[in-house]
Amino acid sequence: KISESVLRTILVIYSYYINYTEFLKTNNPEKAIAFDMVDFVNKILTETDVFANKPQWYIDDVFPKFFELLPILNEEKYLIWYIRWGI
């Protein structure tokens, strides 16, 4: 089970993840190969307001769920792309 709030936060983090990976692929291809998830998490925590006014327990709850759902989100991203473009 997952609450709507947590799901929303995970989807927001995922959108940052997609944008960050695309940025790395475009601007720094060698770094994109060795994607640094620790760097990404630090950026989410320090350079965004994703967790503004959220307690530490919430942050500690969301990140493991994000990492658990990341493979599924990546699969769904491609399924939606295929459906959209009729492939």
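1. Which backbone oxygen does the side chain of T48 reach at 2.5 Å? It is the backbone oxygen of I44, and the side chain of T48 also reaches the backbone nitrogen of V50, at 3.4 Å. Both fall under the term polar contact, a pair of N or O atoms within 3.5 Å, where within protein one must be able to donate a hydrogen and the other to accept it, and where residues adjacent in sequence count only if both atoms are side-chain atoms.

2. Residues are numbered from 1 along each chain as its sequence is written, and side-chain values use heavy atoms, with hydrogens and water left out.

3. The protein chain averages a pLDDT of 85, and 83% of the residues score at least 70. Confidence is lowest in helix α2 (residues 29-33), with a mean of 65, and highest in α3, at 93. Where pLDDT is low, the predicted coordinates should not be read in detail.

4. T48 lies in the loop between α3 and α4 (56-85). Apart from its neighbours within four places in sequence, T48 is in contact (heavy atoms within 4.5 Å) with Y16 and K43.

5. In α1, I13, Y16, Y17 and Y20 meet M37, D39, F40, K43 and I44 of α3.

Notes: This is a predicted model: local features need pLDDT of at least 70, side-chain atom pairs count only at pLDDT 80 or more; totals for chains, interfaces and linings use all residues. Helices (H or I, at least four residues) and strands (E, at least two) are DSSP runs, numbered from the N terminus. pLDDT is the predictor's confidence in each residue, from 0 to 100.
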